[in-house]
Structures are given as C-alpha cells and as structure tokens.
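Please read it alongside the sequence and the coordinates shown here.

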Amino acid sequence: MRIWPGRTYPLGATYDGAGTNFALFSEVAERVELCLFDTSGNEQRLDLPESTGSVWHGYLPGLEPGQRYGYRVHGPWDPARGHRCNPAKLLLDPYARAIDGLPTWNPAIYPYRFDDPEGGPSGGDSAPYMPRGIVTNPYFDWSDDRKPNIPWNETIVYEVHVKGFTQSNAAVQPEWRGKYAGLSSPAAIDYLQKLGVTAVELLPVHQFVHGQHVLDKKLRNYWGYDTIGFFAPHNEYSSRGQRGEQVQEFRQMVKTLHKANIEVLLDVVYNHTCEGNHLGPMLSFKGIDNVAYYRTVKEDPRFYMDYTGTGNTFNMRHPHVLQLLMDSLRYWIEEMHVDGFRFDLASTLARGLHDVDRLSAFFDLIQQDPVVSKVKLIAEPWDVGEGGYQVGNFPPQWSEWNGKYRDTVRDYWRGENARLGEFAYRFTGSSDLYAESGRRPFASINFITAHDGFTLFDLVSYNEKHNQANGEENRDGESHNRSWNCGAEGPTDDATINALREQQKRNFIATLLLSQGVPMLNAGDELGRTQQGNNNGYCQDTGLSWFDWTRVDEDLLEFTRALMRLRKDHPIFRRRRWFQGRAIHGGEVKDLAWFKPDGAEMSDEDWNVGFAKSLGVFLNGGAIARTDFRGDPITDDSFYMVFNAHHEKLVFTLPPAHFAARWMRVFDTSTGDLPELRRARNRQGLPAGGALEVAPRALLLLRSLD
C-alpha cells in the first residue's frame, strides 16, 4: 500500500472523500508506524513518511471510513528523563473520532516488565489487547438543526447519566435502553419536557476505560471519569455497535434534543487520563510523548504530579496539549453541536508551576476563541492540590458549581447553627463570591446534590455513608456529608420520620428552584431515587445507580414540575442582575427586604445570631431593573418567602401594607399543598401585618394579590 506525504493538519485521521490523512504529534519520536487492522485483526504497518514541526503525517488514497488503526512510536526509553517510548505497544490516536473496543487487562498493556518496573521496557506486543481508532465519516445532515441558545438566567440543568437514565425504562425500546438513542427516544423527550429542564448535563461521554482495579472487583467504571479519547463518543453507549456509528448516533441524539428545545452540555475531564502513574498502563499519550502530555516531577521525571487523585495531571503548559484541548472543544461544538461544557476539577487546568493561576494560558485561549467562548462554560472550581478550592475565582464568562451553596443550604435545613447571612447570600445568587468581578447571578450553578455524593432521598435518610458494595471496606467516599436521617438510619416504618423526610425533600427542591442563579437538579432526585446510602457510586453500573422507573414518587415529581413551571413563569426568581436591597425611586419599598418572624426588618446584628433559623424575604416583582430583548421593562408579581428551619412551629407577622395589602399561599412544604399552582385560588388572601403560623422545618411561598 503506497502512502503519500500528506498534511500536518488536521491532527488525527481525516477522511476527505478520496482517502484519509493521518497526523500525529510527537516531539520525542524517532519513527512512527501507522498500524492498520482488518476485520480479522491482522495488522499492516506503514511508516509515516514525513515529520514537520514534530507532527508525523501521511496520506492513504482510497482508505475509507470504518478502517481500524493505531500507532507504534519508536523513541527513547529513559524513565529517569521522563521518556517511555516502547514500539511493542499499540497506541490509540489522541485525535481518534471513534474507538472500537476496550482494553483487555493483560500484562502486555503495561510498558515495563512486572518483575523489574524500574528496568527496561516490556517486549510483549499489546495489539491483541488494545482498542483501535476508527476512521469516521465526517458527513451528517445538520440542515434543520437549531441550537436552543437558552439564556443563562432561564437555564435549568439536569445532570444525568446516559446509561442510567433509560437502562431500565420499559417505555424505551429494548435496543435503545442505556444508549444515546434512548436518551433521545420519544419517552425520554416527553419526560424531560414535562419535567421542565432546559439542558441535560451528561456525565462523561468521551471514550473512557474500565480500570483493572475496578474490574478485578467485578465492578465497572460507571461515571466515566477515566478518559482515553477526547474526540470519541463512548462506544458502549451506542445501539449501533462500535464501527464508528456511535458518532452518528450521538449527533442524532443532539439533534433530537435540540428539536425539543433542550441543550446538551458535556461533563469533560481534561485534567487527567486513564493511564495512571508510572506503574499504569500504556494506551496512548504515555507512549507517544510522555513529558509533553503529562506533568512530571521536576526533580525526578519518572514520577507524575498528581493534582487530581488519579495518578497523573495533563500538562497544560505545553502548547500541543493546549491545542489538543481546544481542538477537542471546537470539535464537539462544531461537528457534534453540543451547547457547552462542565470542566471536571477545573482548578487543575489553571495550574501554572504549583499554584492555581486564574489567568492561565488555558483560560486565556478560551477567552479569545471565537467558537468556544460562545458556549456555556461551567467550572468545577476545585482539585485535590494545595490551594485548589477556587470557588468565585474563575474568569467572568464562566459559571461555577457553587459548593458553598450546597453546603450552606444543607446545613440550614438540617438545623445547624450558622449565620443566616450566609444562607441569604446563597439564596440571592452569592453576590459575595461573584459580584465584585463583574459577574452576574447566573455565575452560580446552584445544587443540593450531584452524581458525587448522596442522592436527595439518601441525604434525608442517612447520617453515614454505606459504600460496602464498592469493595473498599467503606473507606471510599466523603465522610462529612452534611446529611440528616431525620431520626432513623435508612429505611423505616416510622410514619412521622417518613413524613419529615418528604417535607425535607420539598424544602430542598423549593429552595433550589427559587434561588437566584442557575439550578442544577441531580437526575432522579425528583423521583425519589435512592442508592441505599452509597455516596460514591462511581463503580456501580447496576440497579443501584440506574433509575428505577417502577418506583416513582409521583407526589415529589408533581411538586418538582410545579416549581419548575413557577420559576419559568416568574422572572423574579431568575433575575439577570443583583438585588440591591435599597428603596426604589425614593419610596418605602425595596427590591429585596429581609424580615424576622415578628415582622421587623433584619438589622445588621440579627444576621450574626448563630442560633436563629427562621426569616422571611420580600421579592419585589416591580423592581426587577432589567428589560427584555426588545428593551421593554420586565415586571412580575411580588412574593414573600418564609423559611423556618426551627424544630418547632412559629408564628410569623406578614410585612406591612406598603409592601402588599394581601397575600395568597402558593405552596407550603409542610403539607406539599400547591393551592395556587393547582389553580384553586383563594382571592381573599391573608392581610398585611397578619399572623401566619408556619410549621416546623417548613418553607412557605406567598404571592401578592395587589
């Protein structure tokens, strides 16, 4: 087979209709072999004929989509200097658009000899045990695709797992369950639309592996935070097999979700790969150019810097690593039409030499990039390294998972003594974290629970984690969960405890959906999904993690849907600008006012009373202080919210008449009653200055009738 010189760009395997160009970056390589595999696994090797600027390249006329391939890189084996080239190991293309198969954990996959890890390279051929890249068809009919482009302040995020969402859903046809096709099936679309979410945030769908340590325990990498292919949709989520059709199925999923006016956000893991530390396997980057792709220890390059807790850290200081990340992001936007990204352990991406650098090269690149800068960008603003907790410190165009929101709201509703001021900041969008840098309330991605940790059901049912099923003697997972079991650990027949748990779920859902900022709901919380106290389901690709569609809390689901409709119907709950807490136009009424239970406005001293757990807040719908896209003022009803996290009932005095003359109940979490949302309206209402009895651990919402 004759190979032409080809081109240096684009990197990866690119089919142009007449043949395929191959291009691979490696500064350390002395020779690169392109390895082609037929359907029987027979291998043909061809040297890439050219190297230009550390990019090895060649073109094969007539080579079409569906071809399996990999690389063998010849170069130095010198671990003391960080070099680990070993041509006995087949390597995946970092730019592979699709990947066939998964690794088989044979000793040949490891680059060193097991009897002498510090010695010479292993000579065992890894090809029989390795997945292969696939040349893909770049063509897809996007002609009628329209991105929803939902404004940040109108966004409601649903964090969901592709497989877990539909794996056991009888309403989805069997071959689509747990697949990309299942997530965009009529049953799934109908559910998401009725629920009211505007975006699905998918747990990792970049090609990942199931690590040997997990498989040895007869478990699997369910979450997917062990990436090996930053351009390839994970092949196990394809209903069409692994011949490259997973790319088209993913595209069809995005197109279908867009047609339903639902955005697609990806949880991406650019901070590390699945190749682990110096004793890990050699699957791709480690054998292509170890010191370029990974952060090694300066004093001893045999070892890796580990800011992620996974054994390695991607080297964001290298221009070709930055190029790979930016090329990957642009590919998913331009070729796969996704609407944004949530960056796992994003502080790692910002690290310079040792410290987190807010203005690192990666964020500078995104700021000026004409493609990536236009989509939704969400940071998980921490990592495991020193100084890695960076909530509030990301650049202006970014939103962040607000861990302080999660912790504060959990503590408040479980009755911990804490300053009410902290809770007020979180409820109103966390201006203390974001306003000074010019950011808006939607910089805060508010969440109570997420994939990592307890589900909402478990948050109110367990004081302790119960991770025995993970095979790590319950040592894994977070031990400080800020949870409260309401009086019994796990399932109970006590009706009083179960009623309190249901009320606490409603408290959390209502607080989340009516806070300023962007709410993110952990998928299944609205159904009462439980993991039986397991707060680290990363390895549980079982019914423990999947949705159980046969056990749905219909009352909680109805409550959640109603609150999402309420948020969408009333712009006061999704303001684009900060509350000011000042009188409007010289009058007596403010855009926001906080009250003690006795009806007096909160003083500076009141905010610092540690034992206080109850307060009310007035939200002025006539003082939203922004316009719509035509420039017309936005106005809304005014609302009064009453929070009582005290363990006893309290009598609240409603605000004086200049705030509103009459109030009507919208909902009460102590009963789950939704009188206005069910349109059973009582026009008489409650008078200004009147007494309002509030049940213990309850949240009430009132609407002005004026």
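**Cavities and a helix pair**

In this predicted model, the second largest cavity has a volume of about 60 Å³.

**Second largest cavity**

- The lining of the second largest cavity consists of Ile448, Thr449, Leu456, Phe508, Ile509, Leu512, Met520, Leu521, Asn522 and Asp525, which by class gives 7 nonpolar, 2 polar and 1 charged residues.
- Helix α14 (495–514) and strand β25 (518–522) each contribute at least two residues to the lining of the second largest cavity.

**Largest cavity**

- The largest cavity is lined by 15 residues, of which His161, Tyr222, Asn522, Arg529 and Ser545 are the closest to its centre.
- Sorted by class, the lining of the largest cavity holds 7 nonpolar, 6 polar and 2 charged residues, and β14 (157–160) and α1 (162–166) each supply at least two residues of that lining.

**Packing of α7 and α9**

- Helix α7 (residues 319–334) packs with helix α9 (residues 361–368) at an angle of about 35 degrees, the axes lying 11 Å apart, and the crossing of the two helices is right-handed.
- On the α7 side, Leu322, Leu325, Met326 and Leu329 meet Ala361, Phe362, Leu365 and Ile366 of α9, and the contact has 8 nonpolar residues, with no polar and no charged ones.

Key: Residues are numbered from 1 along each chain as its sequence is written. This is a predicted model: local features need pLDDT of at least 70, side-chain atom pairs count only at pLDDT 80 or more; totals for chains, interfaces and linings use all residues. Side-chain values use heavy atoms; hydrogens and water are left out. Axes are lines fitted to C-alpha atoms, for helices over the stretch in contact, and angles run from 0 to 180 degrees between N-to-C directions. Helices (H or I, at least four residues) and strands (E, at least two) are DSSP runs, numbered from the N terminus. A crossing is left-handed if the near helix is turned anticlockwise from the far one by less than a right angle, and right-handed if clockwise. Contact means heavy atoms within 4.5 Å. Ala, Val, Leu, Ile, Met, Phe, Trp, Tyr, Cys and Pro count as nonpolar, Asp, Glu, Lys and Arg as charged, and the others, Gly among them, as polar. On a 1 Å grid over the protein atoms alone, a cavity is a set of points where a 1.4 Å probe fits but cannot get out, and a pocket is an open set with protein on both sides within 12 Å along at least five of seven lines; lining residues have an atom within 4 Å of a point. Grid points are joined across faces, edges and corners, and a volume is the space filled by probe spheres set on the points.
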